[in-house]
Amino acid sequence: MTEADRRHTLCCALECLLFAGGGPVPLRKLAAALQCSEEETESLLAQLQLDYRSRGLMVQQVAGGYQLCTRPEYAEYVTRLVAAQPEPLSRAALETLAVVAYRQPVTRAEVEAVRGARSDHHLRRLLERNLIREVGRKPGPGAPILYATTEVFLRHFGLRDLSDLPPLEGRRVQDMLGNRPAEESEER
Amino acid sequence: MSDARSPIVRVAGFEGPVQELVRRAHAGEVDLREVDLSSMVRSYLDALGPEVDLEEATEFLWAAAVLVELKSKLLLPPKPSPPEAVGEEEAADLEERLRQQVEEYRVFREAAEALAALEAVQRRVFTRPPDEASAGELPLVGLTAEDLFAAFRRVLERSEQRVEEVPPEGVTVADRMRAILATLAASPQGVLFEDLFEPASPRIVVIVTFLALLELVRRRRVRVAQTEPFGPIRLYAGGRDG
């Protein structure tokens, strides 16, 4: 088998993996399934992205992995077949979520201090939609619950990871994030 | 409105069109504290004939109102500072803190707008559902929701024989969901339905735990399987979240 054949085979296999995976698949898992290095897998992903340029599907880097998904310009066709995505978030919910995203881990009181408005209802709705989760309690009086964003959050906004959040007034997101608690085992 | 229509008034230190009095008062050339505005108004009203020139009367009324306002500002002490007598430095500090808070909120509002834009794009992007065959169906294998409910009733009856007690802390569905996921994550071989409920659990905990389980099944984070009729019901950590 020539090198070109081998690469072609791996590229097709990669396409299958992304299709079968459905959602975002971490690079590490893709490389393990292809039995090749992560570097080569990345190069194969780039090749696949090129191959898909003129197609309805695309390869998206989201939530710490890669996923095969439809291009947004064909959404009207897709929604005639499958149910549309859940309702977009309200302005107030987005504000609440923005504070959690950039300030995490954060307490309800801290969110409300920024927004200057009660936010418990919005936090509850965001919890229900799995966009945020409780990650522990802040030491101190009352030990208030700390909230952080989830993997669903990254998928919802098409973000690779938290550093992919839109910059806030030119400040790098990494500089603004507090110390993130270690990921809990329940999140995959 | 021209000064020609402006009524002539006569007060201490001034005689002329009322408009001119307003101008001079504004300019500080006339000390309104020395001017008896009420007698000015009274003499105007006294001089009014049966035929009232509305334009002129309006002009006078407006001018009189301005003069009263100006005079009241002169007579009344300056606007009281906040009652707690905040020091000037403290007030400046408070103002600065308020300014910062408004600024901070503005930044996050912009961030929310940026997120809204990302959401609008991503809502138009679809991935393949995780399991097409069972999409839309609950991950119940070999049993129905009724079977699950019957099993729940058995557990509930078991707990009913216990004396009611108030759980030490408020138990929430979210808490129980986390507990179930933690239990299942630790047992890849699955967990017996009955084992989800500690024998000593108060009824409220049993009910909330069952609600949490239903929610997890709905979200496809827990699979429920019964390999034979009336056999044990086992729970497994499910596929994808969301």
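Two residues are taken to be in contact if their C-beta atoms, placed from the backbone, lie within 7 Å. By this criterion, in the predicted model, 36 residues of chain A are in contact with 31 residues of chain B. On the side of chain A that touches chain B, two or more residues each are given by strand 2 (65–70), helix 4 (75–81), helix 5 (91–103), helix 6 and helix 8 (151–157) of chain A. Helix 5 of chain A provides the largest share, 7 residues. By residue class, the side of chain A that touches chain B comprises 19 nonpolar, 11 polar and 6 charged residues.

Confidence was examined for chain A. The mean pLDDT of chain A is 85, with 90% of its residues at 70 or more. Among the elements of this chain, the highest mean pLDDT, 93, belongs to helix 3 (residues 38–51) of chain A, and the lowest, 52, to helix 9 (residues 173–176) of chain A. Over residues 178–188 of chain A, pLDDT stays under 50; for this stretch the model has 15 contacts beyond four places in sequence.

Helix 6 (residues 108–115) of chain A, one of the elements on the side that touches chain B, has A:V111, A:V114 and A:R115 as buried residues. Viewed down the axis of helix 6 of chain A, these buried residues fall within an arc of 90°, so they line one face of the helix. In general, an α-helix has 3.6 residues a turn, so residues three or four places apart point the same way. Just after helix 6 of chain A, A:G116 adopts a positive phi of about 65°.

Backbone geometry in several loops of chain A was also considered. Most residues other than glycine have a negative phi, and most peptide bonds are trans. A:Q35 has a positive phi, near 55°, and is not a glycine. A:Q35 lies in the loop between helix 2 (27–34) and helix 3 of chain A, and it counts as exposed because it has 8 C-beta neighbours inside 10 Å. A:A63, also a residue other than glycine, has a positive phi of about 50°. The position of A:A63 is in the loop between strand 1 (57–62) and strand 2 of chain A. A:A63 counts as buried because it has 24 C-beta neighbours inside 10 Å, the cut-off for burial being 20 or more. The peptide bond between A:Q104 and A:P105 is cis, with omega at about -5°. A:P105 belongs to the loop between helix 5 and strand 3 (106–107) of chain A.

Chain B contains 7 helices and 6 strands, which run β-β-α-α-α-α-β-α-α-β-α-β-β from the N terminus on. Of the 242 residues in chain B, 19% are buried. Among contacts in chain B with a separation of 6 or more, 67% are between residues 24 or more positions apart.

Within chain B, helix 2 (residues 37–47) of chain B packs against helix 3 (residues 54–75) of chain B at an angle of about 170°, the axes being 11 Å apart. Helix 2 of chain B is therefore roughly antiparallel to helix 3 of chain B, since angles over 145 degrees are classed in this way. Helix 2 of chain B contributes B:L37, B:V41 and B:Y44 to the contact, and helix 3 of chain B contributes B:F60, B:A64, B:L67, B:V68 and B:K71. The residues of this contact divide into 7 nonpolar, no polar and 1 charged.

Terms used:
Residues numbered from 1 in each chain as written. Chains lettered and ligands numbered in written order. Predicted model: local features only at pLDDT ≥ 70, side-chain atom pairs only at ≥ 80, totals over all residues. pLDDT = per-residue confidence, 0-100. Helix = DSSP H or I, 4+ residues; strand = E, 2+ residues; numbered from the N terminus. Buried ≥ 20, exposed ≤ 12 C-beta atoms within 10 Å, placed from the backbone. Arc of directions from axis to C-beta. Axes fitted to C-alpha atoms, helices over the stretch in contact; angles between N-to-C directions. Parallel < 35°, antiparallel > 145°, perpendicular 65-115°, else oblique. Nonpolar A, V, L, I, M, F, W, Y, C, P; charged D, E, K, R; others polar.
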